[in-house]
Amino acid sequence: MSQVHARLMGVSRVYPAAAGQAAVHALGPLDLDLRRGEFFGVVGPSGCGKSTLLDVVAGLAAPSEGRVTFEQRDVAGEVPDGIGVVFQEDASFGWLTVWDNVAFGLRRAGREAAEVQRRVDEALRFMGLVDFARAYPAQLSGGMRQRVCIARTLVMEPRLILLDEPFGALDAQTRLLMGDELLRLWRASGATVMLITHALDEAAMLSDRVGVMSARPGRFIDIIDTGWARERDSRIAAEPSFGALTARLWSLLRDESLKALGHQRP
Amino acid sequence: MSRAGAWRLGILGGAVALLELLCRLGAIKKITMIPPSEMALALGRLMAGPAMWPHAAKTFGNVAWAFLIAVLAGATIGVVLHALPGLRRALDPWLATWYAVPVFVFYPLFIVLFGMGDAPIIAIAFLFSVAAMTIATLDGLGRIPRVLRKTARVHRLTPIERALRIDLPSAFPYLLTGVKLALAYAFIGVIASEFILSGFGLGHEISFAYNNFDNRTMYGLMLFLLTAVVLINLVVQRIERRELRRRGR
């Protein structure tokens, strides 16, 4: 559990000035070790650079300063093999059936047809999408479409799964259930998971550790060990320690959220 | 058949019946228009004979050339302008006012450049069509969600793979709109050019029949063209509808 899977060293990200707008220092400098097999949640005020952090870890954006490594190799502005990303927005391919959506990466990687069939069927079964294999994303609810995107990521058997507010557009009940599915997926795959979320309860429920970010430029002001057992689900929300954990996260975040909104500390 | 489809068919049938009645009663003179039933008979006669087909082949051949070149050029220009926003900003006013330009003013220039024959006709029809395809391509590429581009990077697609596997299918419904418009404009360009430019083709044959008061041939050819254009458009529209339905639109 303690083996470092991905590491950020002195990472910062500055968006250069463009078209009459000043440069934006979005992130860092920050350091972070993601431990192999852990579920790491990231919370922070709006606009603090959470998504930028995910982009930098994924290799979708290069850091302006510092280094990012994944499995001891530098991540240099390109998504390394072994990393899967699920975005908040619907990223399903509307022109493909659910089955073809999930098979997309495997086919692109040139896997044998029989292997594609087996792994896609398995992923669909795991995500409860078997009955919708021949449907198009437009025929599914938002939650189901997000499941398709998760299945498309899962089928590639990534060792590090990055999730950028994947349940942000879903209603509260669906989010809780999707959280349970995510925990099940995390346990079954053995992958390391980094979840970006604005929902404190979601981070508290799902994570082994929660990184709390400051207002922009985002830095970690604290990283909290939740102490949950690996076998857990949304029912831990009823435990007294869950309330205490969420309250602690909020006490850390409140001042930063006010700062992000442009208010002074009252 | 949907209720709207039934209404459409009913309105069309009613209009044809009314026209038939007005022609038969003499409210519309025979020199102006023949009854639709006679147009259909004239069309049957033309289709049974050998005279019309070489003209039809010439017209449809020219339409096909103008359409194909316009679709390829329009899509290419669209892709280039999408990739170069500065150039797009510079050319946007031209694209916006393209259809305000009476393309036929270039007719003498094309005759000088290409001589008499098919080339100036295809050139005029191409100019009619190309802007529609360019604008549709720009529209389609502009509407590809950013998250799909990010997804392409997560899957480590090369630029060509991304274009073929993500950009093209994502923009496909908008491209189809461009294809539909380009086809319609190609027909307009070719037929209109044949009226004034050519000694051959359906446009010329309609003009020739008109000048010789041969209403049967003229209306028979017009009906043939209308039917062909409507049928081709129905095919494209069916593909477009299937794509839009698939995407929940």
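Helices here are DSSP runs of H or I with at least four residues, and strands are E runs of at least two. I keep in mind that this is a predicted model.

**Chain B, overall**

I counted elements with that rule and got 10 helices and 0 strands for chain B. Read from the N terminus, the order is α-α-α-α-α-α-α-α-α-α. I then looked at the extent: along the principal axes, the C-alpha atoms of chain B fill a box of roughly 70 × 55 × 35 Å. Chain B has 249 residues, and 33% of them count as buried. I also checked contacts between residues at least 6 apart in sequence, and 73% of these in chain B join residues at least 24 apart.

**I34(B)**

I found I34(B) in the loop that links α1 (3–24) and α2 (36–48) of chain B. Leaving out residues up to four places away in sequence, I see I34(B) touching C23(B), M39(B), N215(B), R216(B) and Y219(B).

**Chain A, domains**

I turned to chain A, which is divided into domain 1 (1–15 + 22–82 + 158–266) and domain 2 (91–157). Their centres, taken over C-alpha atoms, are 26 Å apart. In the contact I find 10 residues from domain 1 of chain A and 7 residues from domain 2 of chain A. On the domain 1 side, helix α5 (residues 172–189) of chain A gives the largest share, 4 residues. That side divides into 8 nonpolar, 2 polar and no charged residues.

Key
Residues numbered from 1 in each chain as written. Chains lettered and ligands numbered in written order. Predicted model: local features only at pLDDT ≥ 70, side-chain atom pairs only at ≥ 80, totals over all residues. Contact = placed C-beta atoms within 7 Å. Buried ≥ 20, exposed ≤ 12 C-beta atoms within 10 Å, placed from the backbone. Domains from an automatic or database assignment. Nonpolar A, V, L, I, M, F, W, Y, C, P; charged D, E, K, R; others polar.
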